[in-house]
Amino acid sequence: MAAVTIADKIFVQFLLDHNVRSKDLRGAAVCVASEMAIKREGERWWSLERLSEVPGLAKDWSYGDAYLLNRYGRDLNREAVNTLRQVISTARDEEVRALETVLGRSREANAILVGQTAEDRLSVLLDLAAKIKSGKVVPALEHKRLFFFDPEALLAIKSGQGLEAEIIKILNEAMQAGNIILALDNFASFIEATKKENVNLISLLDPYLASARLQFIALATVAEYHQQIEIVPALLNRLEKVSVNSVDRTRLNQIAMQTASRLEKRSHVFFTYPGLMELASASEQYFANEPALDKTIDLLVEIISWAEANEQLAITRDTALQFISQKTKIPLGEASSDERQRLLNVENILHERIVGQNLAIDALGKALRRARTGLRNPKRPIGSFLFLGPTGVGKTETAKALGAFFFNDESAMHRLDMSEYQAGDALAKLIGTFTDKKPGVLATMIRERPYGVLLLDEFEKTTPEVLNLFLQILDEGFFSDMNGERVNARNLLIVATSNAGSDLIWQLVKNGVPLKNAEAELVNHLVEKQIFKPELLNRFDSVIIFQPLLTDDLTRVAKLQLERLVKRLKEQGITLKVDDKIIAVVATSGANQNFGARPMARFIQDHLESAISKKLLTKEIASGATIIFDEHLTVSSVK
């Protein structure tokens, strides 16, 4: 296949004309060849491997049952046989083999499975259960039953001495059954919860951990293992660590192909190779807070229903991007003609909300076009900007306008006032603390809404530790929370605002120095004053300078603010007449050099909205009325 694409340039051009790259052709060929090989192997019913999957007669009759385990847990051997599990049962080969090695030993054959997410850990257990069910395990595990024990179910109904007695009953019953592997979920939390009930779970488990008739797999996160398990010698001697690694991209693609093949047989939808690879890629890029393996399969299942509802029989790359875009609200794929026009005119659209700031808007326009056309680094945030300038010049309003433009939703914005993160616990408040189990504000915020604008107001006021956190976020697009679990920030537009250097900006403006020539001087000023480190400033896509608002700019801001009031009153059936005199008064009295246009909204509230609200309460104004103010901002007439 590679030789064809090298030798036949006309064929290569034909592929490119139809948006098919050489690697897509090679991948599709591999996909078809793999599917044919699997089909041929499936037809070989007489092979030793296929015949070994046929269960023996009454092979479990010599073992006892475990009624209490059925009350508090699940038999994973029964859950392991389902259509998708059969597809992905080789996804965790390395971890399953490691577990087999530990559990197949003659003594102290217990493991602790350490992985970032519950889904990853459960996936390994299900793969092991499927392997036990098929009989493809080491002889010591052939007749084993893998039970998933949920401590919370037990803790919900038992406490104190009753809890200890129930745990002993469960363990004795499981040991008497003779073929149980007990998987203890949330092991570290279980230990802590039993401590509060005056139950020493570690001592209670020790004789059972030493027994050859009962085996354990404890489950824990990476942070829990290092902070709570590793420091206890009694546990470390009894439990062998098995780490759950992320599925690599090559294996993820193979699983996606196998899963797609099975799903195609159940529906009338066909996956093209580029569409399939786009979905596999999306699981890592746009859903990085979820296990890539599980999310890939979820996306494949979901897109089938979506495609059928939209009467699309082939899932191409564009189809996949359209589907992902609808799920995430991030514009993806080829831009429509309307969107292309919006991108080409982004400066004019932003200027409808942002007064002045030509330098800032031009820089943002270029950055948004780069991001939308796929030229950005996918391993970093969509865009990152440091807005520098005096108070009240439109920095926050510009961040809102970015959200409205890029995500079609002004509310798609997270806002953190960084002046609230100046104390020694600032970093802990953002990423969480392990000791008291408090989740971090930033970690929770991004996990709940991973797409949008992240606004960091007064960025310079936070601690050096927090600035270092954002140094990593801007560079790598993620950070780790209190449990060591990754939080994906690659689908955010990050805007940090700062008043640092405002005095210098004012001085440059007064001296007639064009701000477009002053970025280097301002950046050097921030570094010399040790406000920001140069490496942090260099991580931003753009450092954007907002200039002070001049008289004409303030007049335009006043007009925009008053137009919003006019619109709100119109919704109540009331007409407010606004002329140039009113605009001039608001522009002059509602702004000052120290705070720019920021006091203007309060000025309108105090002088216009308050007067109107009083007259509404006294019934002097009702729906259908027209209000006119004089130059002293008193109501001169109501019609």
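1. In strand β17, Ser542 and Ile544 point one way while Val543 and Ile545 point the other way, and all are buried, buried meaning under 20% relative accessible area, with exposed over 50% and partly exposed in between, for a 1.4 Å probe and protein chains only. In a regular strand the side chains alternate between the two faces of the sheet. Strands here are DSSP runs of E with at least two residues, and helices are runs of H or I with at least four, numbered from the N terminus.

2. This is a predicted model, in which local features need pLDDT of at least 70 and side-chain atom pairs count only at pLDDT 80 or more, whereas totals for chains, interfaces and linings use all residues. Residues are numbered from 1 along each chain as its sequence is written, and side-chain values use heavy atoms, with hydrogens and water left out.

3. The open sheet has five strands in the order β10-β13-β16-β9-β17, with parallel pairing, where two strands pair if DSSP finds at least two bridges between them. Because β10 (413–417) and β17 (542–545) stand at the edges with a single partner strand each, one side of each is left without a neighbour in the sheet. On average, neighbouring strands of this sheet are turned by 20° against each other, direction ignored.

4. The partner of β17 in a parallel pairing over four bridges is β9 (residues 383–388). Within this part of the sheet, Leu386 has Val543 of β17 as its bridge partner, and Leu388 stands opposite Ile545 in β17.

5. Helix α23 (residues 395–406) lies across β9, β10, β13 (452–457) and β16 (492–498), running at about 170° to β13, while helix α28 (residues 519–528) lies across β9 and β17, at about 105° to β17. Axes are lines fitted to C-alpha atoms, for helices over the stretch in contact, and angles run from 0 to 180 degrees between N-to-C directions; contact means heavy atoms within 4.5 Å.

6. Helices α17 (residues 273–285) and α18 (residues 292–309) pack at an angle of about 135°, with their axes 8 Å apart. The contact includes Leu276, Leu279 and Ala280 of α17 and Leu299, Leu300 and Ile303 of α18.

7. Helix α16 (residues 249–266) has 18 residues and reaches 26 Å from its first C-alpha to its last, close to the 26 Å expected, the expected span being 1.5 Å times one less than its number of residues. Among its buried residues are Leu252, Ile255, Met257 and Leu263.
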